[in-house]
Amino acid sequence: APSPSYAPSNPSRSTETAREMSALRTAEPFGEGVPFGDPGWYAKFNSPYYTQSHVEYRAKVRAFVESEIMPHTHEWDEKKSLPLELYRKTYEAGILPGVVGSPWAGGMGDQLDVKGPKDFDYFHELIILDEFGRCGSGGVLWGLLEGVHIGLPPVLNFGSDDLRRRCGLRVLKGEATICLCITEPYAGSDVANIRCTAKKSADGTHYVVDGEKKWITNGVWADYFTVAVRTGGSGMGGISLLLIEKTMPGVICRRMDCMGVWASGTSFITFENVKVPVGNLIGAENRGFKYVMHNFNHERWGFVVQANRFARVCYEEAFKYAHRRRTFGKKLVEHPVIRAKLADMVRQIDATHHQMENITYQMCTLPKDQSAKALAGITALAKVQSTKVFEYCAREAAQIFGGASYVRGGQGEKVERLYRDVRAYAIPGGSEEIMMDLGIRQAMKEWEAVQSRM
């Protein structure tokens with residue numbers, strides 16, 4: 001059952017509290033003030049989802065992003081890397097342990113010096129990903145947060161106490177990095193058919209891992225690898241998760257040069273006769289497919305948050321530029337066709353944001369044993385919605401910027417970079433086609449269950 005702090009009856013989520021917070025926000029709007037440049041609750045609209053704790057945490061995260069991330073985004077993206085000490089800084093700022101889901105630090109918060117915000121929930125995590133998205137670089141956001149966001153939860157949720165302590169704490173503190181290794185050259189969304197093998201030794205003390213993983217975020221600088229391997233027969237029933245360490249002989253990482261997300265450390269990883277102690281098995285043998293599917297909801301939800309903020313960044317940059325740029329004797333924004341483009345961006349961004357907040361609320365309030373199945377379909381469809389909106393807004397913003405959006409750096413820097421990042425959101429974590437099919441297949445199963453009871 002959900003903890004009392006997440007239950008709908010939580011006084012912090014009461015109508016009265018929402019009214020109080022609305023009064024505070026209206027008196028002191030947060031952000032630059034660009035209409036629709038931030039979610040509605042930042043300025044003038046009521047919301048039942050956020051409390052004083054969220055308001056304070058939002059200010060804290062934005063201050064960190066504006067001082068430690070945004071001034072360096074272009075440099076890091078062009079270098080295709082970021083300084084590893086940034087992980088430690090992000091931990092010390094009280095942010096890094098907040099990207100592995102609820103509860104704070106995956107339940108290991110009492111072993112950290114840095115404490116989380118009051119009544120930490122998924123809306124706090126939403127704030128982290130949303131605010132970091134303002135840097136306008138999927139590469140920088142992924143380079144710092146994504147490996148932890150998708151690679152560490154399986155260790156914290158299903159790993160042994162030893163793995164949680166030995167790996168989990170180091171990663172949460174920014175002392176080590178981690179990545180998730182699912183995709184292979186021959187299997188992406190088709191997780192059940194991965195080929196990377198892990199054969200147990202005759203004495204039962206270790207596994208020998210052989211295989212390849214491709215498009216792995218953070219792989220080139222990761223210390224730990226959460227790896228899907230085949231320990232049993234064919235199909236989903238033969239998959240396990242292992243925690244592999246870079247210091248183990250036979251681990252080879254090569255950077256991949258990709259269209260976008262340059263600073264994310266996307267890698268091709270080869271495991272050649274890697275000996276992994278059986279104690280590094282995450283959860284039970286041949287139960288890995290279930291763990292991967294459990295992890296996917298959280299990963300895809302994170303994609304929704306990020307992609308929609310990137311769409312909003314494209315809109316915000318275009319809105320401001322349209323007020324500066326003059327053509328045919330008037331500002332761009334004075335041309336009806338430009339206003340129509342901006343309006344089309346806004347209506348899609350805000351609709352997606354409301355769907356995202358609804359899913360987040362369910363994540364906070366549904367019992368854990370129900371939420372994974374209940375939210376799989378709608379989260380998959382939300383991912384499609386967010387990436388299509390992101391792609392649309394990147395294109396329309398580029399049209400408004402014209403030639404300025406075709407140059408790396410300068411006024412159109414964010415739009416140019418985000419245009420390159422679109423495919424990194426539309427394909428990884430489940431391509432749009434697979435996600436749409438998943439959403440409807442789940443709906444069909446639910447309808448069949450309804451029909452069987454009639």
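Buried means under 20% relative accessible area, exposed means over 50%, and partly exposed is in between, with a 1.4 Å probe and protein chains only. By that cut-off glutamine 442, at 12% relative accessibility, counts as buried. This is a predicted model, in which local features need pLDDT of at least 70 and side-chain atom pairs count only at pLDDT 80 or more, while totals for chains, interfaces and linings use all residues. Residues are numbered from 1 along each chain as its sequence is written, and side-chain values use heavy atoms, with hydrogens and water left out. Here is a friendly tour, grouped by topic.

**Nonpolar cores**

- The largest nonpolar core has 112 residues; such a core is a set of buried Ala, Val, Leu, Ile, Met, Phe, Trp, Tyr and Cys residues joined through side-chain atoms within 4.5 Å.
- The residues with the most contacts inside this core are Ile69, Phe132, Leu145, Leu152, Leu342, Phe390 and Ile400.
- Helix H9, residues 288–324, gives the most to this core, with 18 residues; helices (H or I, at least four residues) and strands (E, at least two) are DSSP runs, numbered from the N terminus.
- Setting aside residues up to four places away in sequence, isoleucine 400 touches Ala318, Tyr321, Ala322, Leu332, Ile338, Lys341, Leu342 and Met345, where contact means heavy atoms within 4.5 Å.
- There is also a second, separate core of 20 residues, and Val227, Ile269, Val274 and Val276 are among them.

**Helix packing**

- Two packed helices are described by the angle between their axes and the distance between the axes.
- Helix H2 (residues 52–69) packs with helix H4 (residues 85–92) at an angle of about 155°, their axes being 11 Å apart.
- Those axes are lines fitted to C-alpha atoms, for helices over the stretch in contact, and the angles run from 0 to 180 degrees between N-to-C directions.
- H2 and H4 are therefore roughly antiparallel to each other; angles over 145 degrees count that way, under 35 as roughly parallel, 65 to 115 as roughly perpendicular and the rest as oblique.
- Where H2 meets H4, Phe64, Glu68 and Ile69 in H2 face Leu86, Lys89 and Thr90 in H4 as contact partners.
- H9 and helix H11 (residues 368–401) have axes that come within 8 Å and cross at roughly 20°, which makes H9 roughly parallel to H11.
- H9 passes H11 in a left-handed crossing.

**Cysteines**

- The structure holds zero disulfides, a disulfide being a pair of cysteine sulfur atoms within 2.5 Å.
- For cysteine 167, the closest cysteine sulfur is in cysteine 179, 10 Å away and too far for a bond; cysteine 167 is buried, at 1% relative accessibility.
- For cysteine 196, the closest cysteine sulfur is in cysteine 181, 8.6 Å away and again too far for a bond; cysteine 196 counts as buried at 1% relative accessibility.

**Backbone details in the loop between H4 and H5**

- Most residues other than glycine have a negative phi, and most peptide bonds are trans.
- Serine 102 and proline 103 are joined by a cis peptide bond, with omega about 5°; proline 103 sits in the loop between H4 and helix H5 (122–132).
- Alanine 105, in the loop between H4 and H5, has a positive phi of about 60° although it is not a glycine, and alanine 105 is buried with a relative accessible area of 0%.
- Aspartate 119 is found in the loop between H4 and H5 and has a positive phi of about 55° although it is not a glycine; at 40% relative accessibility, aspartate 119 counts as partly exposed.

**Individual buried residues**

- Glutamine 442 lies in helix H13 (residues 432–452) and, leaving aside neighbours within four places in sequence, is in contact with Lys373, Ala374, Ala376, Gly377 and Ile378.
- Glycine 138 lies in helix H6 (residues 138–151) and is buried, with a relative accessible area of 0%.
- Not counting residues up to four places away in sequence, glycine 138 touches Val261, Phe310, Leu418, Asp421 and Tyr425.
- Tryptophan 41, in the loop between helix H1 (15–27) and H2, counts as buried at 5% relative accessibility.

Terms used
A crossing is left-handed if the near helix is turned anticlockwise from the far one by less than a right angle, and right-handed if clockwise.
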